[in-house]
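Please read these comments with the structure open beside them.

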Amino acid sequence: MSALSSLNTARQALAAQQRALDVTGQNVANVNTEGYSRQRVELASVGGSTVPAIFSTSTEVSGGVSADTVSRVRDAFLENRALGEHASSARLTVESDALTQIEASFREPGETGLQAVTDTMWSSFEDVSGADSDQASPSAVLENIATVASSLNTTSAALDRQWTQTREDLSATVDSANATAAQVAALNKQIAQATRAGLSTNELADTRDALVLSLAESIGATTSVGSDGMVNVLVGGSSLVSGSTTTKLALVGETSLAEFSATGSAGLSVQTTPGGTKVTVGGTAGGQLTVLSSTIPTYQTALDGIAGKIAAALNDGNTGGYLSDGTAGTALVGASDGGATITAANFRLLSSDPKTLAVSSVAGVASSDSSNAQLMAKLGESTGVSGDYRTLVTQLGVASSVSAQSLTIQTTITSNVDTARESVSGVSIDEEMTQMLAFQHGYQAAARMITAMDEVLDKLINGTGRVGL
Amino acid sequence: MRITQRSLTANSITGINNNLAAMTKYQNQLSTGKVLTKPSDSPTDTNKSMQTRSGLAALNQQSRNITDATARLDQADTYLETMQGLAQRVQVLTTQGLNAGANDATSNAALATEISALRESMLGVANSTVASTGQPLFGGVTSGKVAYNADGTYAGTDGYPITRRIGDTESIRVDITGTEAFGDAATGDDLFSLVQGIADKLNTSPVDTDALSADLAELQTAQDRLSTAQSTIGARAARVEDAKALTTDRDLTLTAQLSAIEDVDIARATLELSAQQVGYQAALAVASKVLQPTLLDFLT
């Protein structure tokens, strides 16, 4: 133990406290930075020589303090959980929004929905009188059928548009995920180099982890720990980022709802490129894929079913009756593309000539009978198509409301996890201020230590050996 | 748990946003007047609302049908009444002819002329048309313009009753054919052939009083048939009246139901809005208190 070593200890203390103050300053500076994890200087006392030698035993008290390591305060388990919960939130948000948009397309309950126009159409059959010389009442019926046709076409087109838009969105999501993955890989590389060089990687790691979280939200990415501080990013079990290399993803498959329905679906997927391995995506992309491959097609198919039933009821009713001149009625509605299958998209009134309405039940002779029209008025209820439509709308309402509820619950869970993360990694100003005071005092004490040693040495050098001077 | 300034801020923002969202909900309800604007607001109420709307549409149509049915039945009733009057006049004249004796050719010829004129009037009444469509009232579903030709032959088409739906399950016949009201023209059993026969008999001298008496009896039968037709029409009109009352009642009930399902309870929504407002203000007040101080305020 020498006086000079005490000075050295005090110097180390000064440096360590200053380092700690630096870190406190960094923490305070980033108090509101998204994704920043608070940092701590790992102060460690340096012990004396612990290896006894034969001829010299150390009597040193200690070797001072070291402040080499600055660590990020972070809970890896919470971070992993956050990835999963954020992905679920993003997926549910997309699904719930899609259902809300579908609800808007159906415009129920209200005056403009399919229900109101079909009700008007069916009941207008009861107004038909066979003796109507200017054909006003049959014309009104045909007008009402045309309104139903346009209502079906509009709803179908809205679903179609929604599908196309969602596909574009999904494509954009995949592209942005590729870009983010490339950034993660670049940061991984820098972190590995810095780690090997023994430099601090805290800020780089924070930036990278924020990007990984955004990948979790967009495509449901998860992570595994790699070497040299790198992370590997996985999507649905396939590797997206491995160290500093990435695998690109691409959206392949049908480009329109019509094509999707025609091919029976299997093609639409997110795949690795090159490689063409199908990847099970989560997060926003997962939600979008569900909307594309299940939600929208389900309601489109159901609506097509309703359109088909209305068409069948109208056509059967009309072919079962006779025109005012006694000839048999023909089909009233058909497919605008001339095909055999009538869907909501191609539902069309075949002729606007009021004489084509088979109002009469009298075969062969001209009459003013309108009993077939009276029968047709009841077809909406008797064929069950009105009930089917109500069931469809109710199911849509249930699906949308359940989805909204799940989203509310998931949002709470996600925000709880975020609060827990913030609780671990967030910067508390009060805490930093207290630490600052502590380090400040430490610094002052170390400075006082130097003064004290200075005085001791002064005494020793200038005040001793002067006996008799 | 470690609480940081940022988590306080985040919590405050979440709380304030939640309050605002709830306020928006009530504001929307109050400004649109509706609590049910999309199926997910309440799927079961949506189903009820759609059923009620269907019910109202059907009722609306039924009340139009009822108006049409009432008009047709009233018209038929009026014309049958007129016909009854004409038939009575024929009966009186025929009885006069019988009383005048077989040989008073001049007076019988005068009676015959009047009866022939009455027959023309009768045919005119029988050919009256439905005001709304121009269809012959007693012609069944004929596509022609008349129920009876000028020579008294029947031009109507029978066998296809004209019905109107006046309730969800109840349809009512709104026409009566010439055959039903005036007798079958095909077998010469009808009112017009009978009246023609009476006129012809009075025109021949000497008058065949026995045959004329028989005709008088038949005329009574024809009048009874008219009465029966009238009461049938009256009974149907009464049913339509009942249906009309029922339709009005159901319309009120369903409108009230729809309103209860879809419309906002203003008092309640206003109260909820006020409550949310209080919550919102509290959240703001708390935020201003909690976010403000840090240890910095107390360090010198």
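1. Two strands are taken to pair if DSSP finds at least two bridges between them, and strands (E, at least two residues) and helices (H or I, at least four residues) are DSSP runs numbered from the N terminus. In this predicted model local features need pLDDT of at least 70, side-chain atom pairs count only at pLDDT 80 or more, and totals for chains, interfaces and linings use all residues. Residues are numbered from 1 along each chain as its sequence is written, while chains are lettered from A and ligands numbered from 1 in the order in which they are written.

2. In chain A, 4 strands form an open sheet in the order β3-β4-β5-β6, with antiparallel pairing. Strands β3 (221–225) and β6 (245–246) of chain A are at the edges, each with a single partner strand, so one side of each is left without a neighbour in the sheet.

3. Strand β4 (residues 231–235) of chain A is joined by 3 bridges to the antiparallel strand β5 (residues 238–242) of chain A, and Val235(A) stands opposite Ser238(A) in β5(A). Helix α4(A) packs on this sheet, where it touches β4, β5 and β6 of chain A.

4. The axes of helix α2 (residues 76–106) and helix α4 (residues 136–196), both of chain A, come within 9 Å and cross at roughly 155 degrees, the axes being lines fitted to C-alpha atoms over the stretch in contact, with angles from 0 to 180 degrees between N-to-C directions. That crossing makes α2(A) roughly antiparallel to α4(A), a description used for angles over 145 degrees, whereas those under 35 count as roughly parallel, 65 to 115 as roughly perpendicular and the rest as oblique.

Notes
Contact = placed C-beta atoms within 7 Å.
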